[in-house]
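Trainee: I have a new model open and I'd like to learn how to read it. Could you walk me through it?

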Amino acid sequence: YELTIYRIGNSSASGTSLRYGDTVLNTISDEIPEYFYSFRANEGDIINLSMRGSSGDLDPYLQVVHIVNGQTLVLQESDDSEDSLDAFIEELVIPATATYYIVATRFGAEAGPSSGNFLLTIEEAANSGLANTAQTAARLRLNGSTENEITADNFERFYRLQAQQNDIITVSMEQITGTLDTYLILTNAGLQPLIEDDDGGIGRN
């Protein structure tokens with residue numbers, strides 16, 4: 001026989017593992033002033049988080065933390081948005097593939113005076129993904145190579161390399177499949193073009 005398990009929902013309890021697209025409802029009170037949620041993310045993911053108060057006078061407060069070698073590192077935190085007390089973390093770039101933690105609490109945490117229900121949502125941004133933007137440029141080592149895909153939606157990819165002054169390098173981009181007419185631009189750290197090439201290789205490479 002074949003045994004299959006499907007996830008059809010998720011718990012709102014503290015300690016729940018969330019996935020992109022999940023929304024949980026819970027209550028901040030003096031008895032329970034904060035909740036912890038985890039999520040698994042890949043290097044180069046870009047995520048958006050929102051914590052909206054839905055009742056009471058709750059002043060939401062959000063943190064995304066990463067635990068490395070026993071040390072808790074706060075990647076980003078948010079209190080109020082421009083026009084409300086709701087907390088938003090937008091365009092957070094994930095630095096490494098790992099499990100991360102969300103702290104959903106109130107301004108002042110245990111000592112905070114506000115309370116009420118909240119809606120917490122985690123979403124993947126539209127431009128999320130390694131090499132999709134300059135922010136999420138994939139590492140490319142000297143004497144290394146990588147493969148990727150150019151599509152109508154992702155018509156450019158970004159890579160970064162570390163080099164020393166007076167290094168002499170060759171960079172090539174070669175079509176593997178399809179009708180791709182490759183184009184390369186080498187920039188400095190400020191994304192100012194240093195040199196670019198269209199068909200300097202064999203054929204349209």
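Mentor: Let's start with Asp-30, which counts as exposed because its relative accessibility is 58%. Here buried means under 20% relative accessible area, exposed over 50%, and partly exposed in between, using a 1.4 Å probe and protein chains only. Keep in mind that this is a predicted model, where local features need pLDDT of at least 70, side-chain atom pairs count only at pLDDT 80 or more, and totals for chains, interfaces and linings use all residues. Residues are numbered from 1 along each chain as its sequence is written, and side-chain values use heavy atoms, with hydrogens and water left out.

Trainee: Which side chain does Asp-30 meet in a salt bridge?

Mentor: A salt bridge is a side-chain nitrogen of Lys or Arg within 4 Å of a carboxyl oxygen of Asp or Glu. Asp-30 has one with Arg-106, at 3.1 Å from N to O. That pair links distant parts of the chain, 76 residues apart: Asp-30 is in the loop between β2 and β3, and Arg-106 is in strand β8 (residues 98-106). Arg-106 is buried, with a relative accessible area of 1%.

Trainee: How many salt bridges does the structure hold?

Mentor: There are 2. Glu-43 and Arg-139 also meet in one, again 3.1 Å from N to O. Glu-43 sits in the loop between β3 and β4, while Arg-139 belongs to strand β10 (residues 138-139), 96 residues apart. Arg-139 counts as exposed, at 53% relative accessibility.

Trainee: Is Asp-86 buried or exposed?

Mentor: Asp-86 is buried yet has no salt bridge. Lys and Arg count as positive and Asp and Glu as negative, with His and the chain ends not counted. The nearest side chain of opposite charge to Asp-86 is Arg-52, 4.4 Å away. You'll find Asp-86 in the loop between β6 (71-78) and β7 (87-93). A polar atom of its side chain lies 3.0 Å from the backbone nitrogen of Gly-53. Contact means heavy atoms within 4.5 Å; not counting residues up to four places away in sequence, Asp-86 touches several residues, among them Met-51, Pro-60 and Asp-79.

Trainee: What is the order of the strands in the open sheet of 4?

Mentor: Strands (E, at least two residues) and helices (H or I, at least four) are DSSP runs, numbered from the N terminus. Two strands pair if DSSP finds at least two bridges between them. The order is β2-β9-β4-β7, and the pairing is antiparallel. β2 (23-28) and β7 stand at the edges with a single partner strand each, so one side of each has no neighbour in the sheet. Inside this sheet, 7 bridges join β4 (residues 46-53) to β9 (residues 116-124), and Leu-49 stands opposite Ile-122 in β9.

Trainee: Where does Asn-42 lie?

Mentor: Asn-42 is in the loop between β3 (35-41) and β4. Asn-42 is partly exposed because its relative accessible area is 43%. Leaving aside neighbours within four places in sequence, Asn-42 is in contact with Ile-94 and Thr-97. The C-alpha atoms of Asn-42 and Pro-95 are separated by 8.1 Å, though these residues are 53 apart along the chain.

Terms used:
Polar contact = N/O pair within 3.5 Å; in protein donor to acceptor, adjacent residues only side chain to side chain.
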